[in-house]
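Morning, everyone. Let's look at the packing inside this protein, and then at its rings.

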Amino acid sequence: MKILVFAHRLELGGTQTNAIELAAGLRDRHGFSVVFHATPGPAVDLLHRKGLDLVPAPDARLHPSLARMRLLRDLVRRERPDLIHAWDWWQGLEAYGAVHLTMRVPLIISDMMMTLTHVLPRQISTTFGVLAVQRQAAQQGWSRCAYLPPPVDLAANAPDLLDRAACRAAMGLSDRDIALVTVSRLSHTMKADSLARTIDCVRQLGRVLPLRLAIVGDGTARGTLQALANRANRDLGRKAIILHGAMTDPRPAYAAADIVLGMGGSALRGMAFGRPVIVTGDRGFARLFDADSVDWFADGGIHGIGTAADDGLAVPAMVSAVRRLASMPALRDSLGQFGRDHVRRHHDLDALTDRLAVLCHAAITQGTVPSIQDAARSAVIYLRERRFQTTSRDKTADGLR
């Protein structure tokens with residue numbers, strides 16, 4: 001089977017990693033021939049490490065993009081794929097309009113949003129990365145929807161794969177330091193709030209605990225976060241917070257960590273490395289990933305929305321969780337093992353690749369006769385929302401709802 005994977009701009013992000021690793025898995029485990037189509041970016045390094053070539057897509061700020069749709073049609077005519085796998089709603093709509101409706105090429109859309117993207121067509125095979133969203137989609141008429149959570153390569157993200165001491169030394173950490181690590185895009189959308197509160201948490205606790213915070217990533221919010229880090233470091237009289245910039249391979253950062261803070265795929269990779277994780281989110285959300293929270297996160301995604309004021313200050317839940325983990329090495333070890341066991345059972349890349357392969361074959365055998373009513377419904381929702389949605393360099397998560 002030949003599959004054309006149509007992904008977003010190849011920034012360093014969870015969805016891009018998911019798209020690349022699953023595409024490589026389909027090739028390696030199931031013999032698929034893969035054509036990977038996306039706008040170039042730093043994650044192309046991961047694509048090449050996986051032995052995949054990139055057919056570049058033009059960048060765009062307005063979606064659907066006629067230029068991208070025309071190039072996609074040309075690519076489909078040339079490559080003649082059996083199936084298109086589109087990641088995110090904007091690639092999904094472009095593939096749906098440019099190729100599925102007119103050329104009747106089977107299509108799967110993978111949507112990793114935390115809420116249901118209503119503009120997506122309901123008669124197309126669609127995977128959702130959050131179980132509660134998949135359940136809502138099924139209730140609201142998506143006839144071919146499946147749950148496909150973020151995958152994690154357990155072999156490549158194993159606790160004993162890298163030399164922990166060497167990784168800590170490379171990041172400037174001493175044996176005495178308790179290392180907090182967060183790997184994230186430094187974007188104003190979704191990320192900056194939790195990062196600012198993490199900096200403030202270290203500012204508060206760093207007076208009595210040997211905390212060091214390593215923020216790995218880059219983006220438009222970096223200047224703002226660097227200013228907050230500089231202020232906290234001055235208050236503490238030491239360089240407790242360091243912005244390391246983006247790493248195309250962030251595994252050394254996870255290996256160096258004592259505690260990981262983050263959301264989504266970043267939190268899951270921290271768990272894969274056997275590190276305890278504090279899951280963060282919008283508006284001050286922070287919760288320890290443990291036996292009390294695992295079912296909640298399994299249903300609603302590795303993320304949350306709090307109720308804190310928009311002040312950038314650490315919330316009590318985050319301060320309490322960091323203090324507890326920093327003071328209890330045995331708890332860090334037990335929660336690290338708990339998290340890795342969870343990822344092994346529910347997010348293993350090989351198992352999810354096999355699940356996706358079944359969905360790919362089903363999408364082809366189920367037929368490709370487009371539903372005019374379904375297309376009209378999506379068009380009406382799109383026009384009603386008045387959104388020629390902008391996906392900026394931050395890769396906004398504000399999909400059409």
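Buried, for today, means under 20% relative accessible area, exposed means over 50%, and partly exposed is in between, with a 1.4 Å probe and protein chains only. This is a predicted model: local features need pLDDT of at least 70, side-chain atom pairs count only at pLDDT 80 or more, and totals for chains, interfaces and linings use all residues. Residues are numbered from 1 along each chain as its sequence is written, and side-chain values use heavy atoms, without hydrogens and water.

Rings next. Rings of Phe, Tyr and Trp (its six-membered ring) pair if their centres lie within 6.5 Å; planes under 30 degrees apart are stacked, over 60 edge-to-face, the rest tilted. That rule gives 8 aromatic pairs. Take Tyr254 and Phe273: their ring centres are 5.8 Å apart and their planes at 25 degrees, so they are stacked. Both residues are buried.

Now Trp296 and Phe297. This pair is edge-to-face, with 5.1 Å between centres and 80 degrees between planes. Is Trp296 buried or partly exposed? Trp296 has 41% relative accessibility, so it counts as partly exposed. Phe297, at 1%, counts as buried. Both belong to a cluster linked by ring pairs, together with Phe285, Phe289 and Phe338.

Last, Leu211. Beyond neighbours within four places in sequence, its contacts (heavy atoms within 4.5 Å) include Ile178, Leu180, Arg238 and Val322.
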